[in-house]
Amino acid sequence: GPINIINIGSNNLVWSKVLDRFESLLNIDLGSGELSLNPTPIFVLVTLILCVLTYKRDRLPTVFFSTALLIFILISKFGEFSAWKILHQIIGFDSIRAIGRFNLLINLILILSFAISSNLVLKQFKKHKIVILLAAFIIS
């Protein structure tokens, strides 16, 4: 396929190499086709920073971020270990066949976390709202 910079996947100009290195460094199997659904590392980092900045005022963004991280860990394979293989033994979990689709849920949860925490930060820095919005747009 064509090289792009928007979708995360094997044809992405920047992030495919970063994710490949991350995957091999930690011996993690992030899946194959599902990589195109993963949020960008910069978006995750910005969301984490916003959660840290707003933790004392509202813990909901941090709860959302932690939930997304937990789901990511549950569906990832670390070497030969996969928490999903353990969960798959529990009644009901065996009916879920495409665990890569959980990335859609991770994206939704991270977007909610980003939206709530960035709104709190914007309320705090009203004078610099345009600059912050522009920076968040560029980074995301």
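Me: Which residues does Ile116 touch, not counting residues up to four places away in sequence?
Reply: Ile116 touches Asp58, Leu60, Pro61 and Phe64, where contact means heavy atoms within 4.5 Å. This is a predicted model: local features need pLDDT of at least 70, side-chain atom pairs count only at pLDDT 80 or more, and totals for chains, interfaces and linings use all residues. Residues are numbered from 1 along each chain as its sequence is written, and side-chain values use heavy atoms, with hydrogens and water left out.

Me: Switching to Thr54: buried or exposed?
Reply: Thr54 is buried, with a relative accessible area of 0%. Buried means under 20% relative accessible area, exposed over 50%, and partly exposed in between (1.4 Å probe, protein chains only). Ile116, at 25%, therefore counts as partly exposed.

Me: What does Thr54 touch?
Reply: Leaving out residues up to four places away in sequence, Thr54 touches Pro61, Ser117, Leu120 and Val121. Thr54 itself is found in helix H2, residues 41–54.

Me: Which other residues in H2 are buried?
Reply: Phe43, Val46, Thr47, Leu50 and Cys51 are buried in H2, along with Thr54. They cover an arc of only 140° around the axis, so they sit on the same side of H2. That arc is taken from the directions from the helix axis to the C-beta atoms.

Me: Which residues of H2 meet H3?
Reply: Val44, Thr47, Leu48, Cys51 and Thr54 in H2 meet Pro61, Thr62 and Phe65 in H3. The residues of this contact divide into 5 nonpolar, 3 polar and no charged. Here Ala, Val, Leu, Ile, Met, Phe, Trp, Tyr, Cys and Pro count as nonpolar, Asp, Glu, Lys and Arg as charged, and the others, Gly among them, as polar.

Me: Last one: how many helices and strands are in the whole chain?
Reply: The protein chain has 6 helices and 3 strands, running α-β-α-α-β-β-α-α-α from the N terminus on. Of its 140 residues, 31% count as buried.

Methods. Helices (H or I, at least four residues) and strands (E, at least two) are DSSP runs, numbered from the N terminus.
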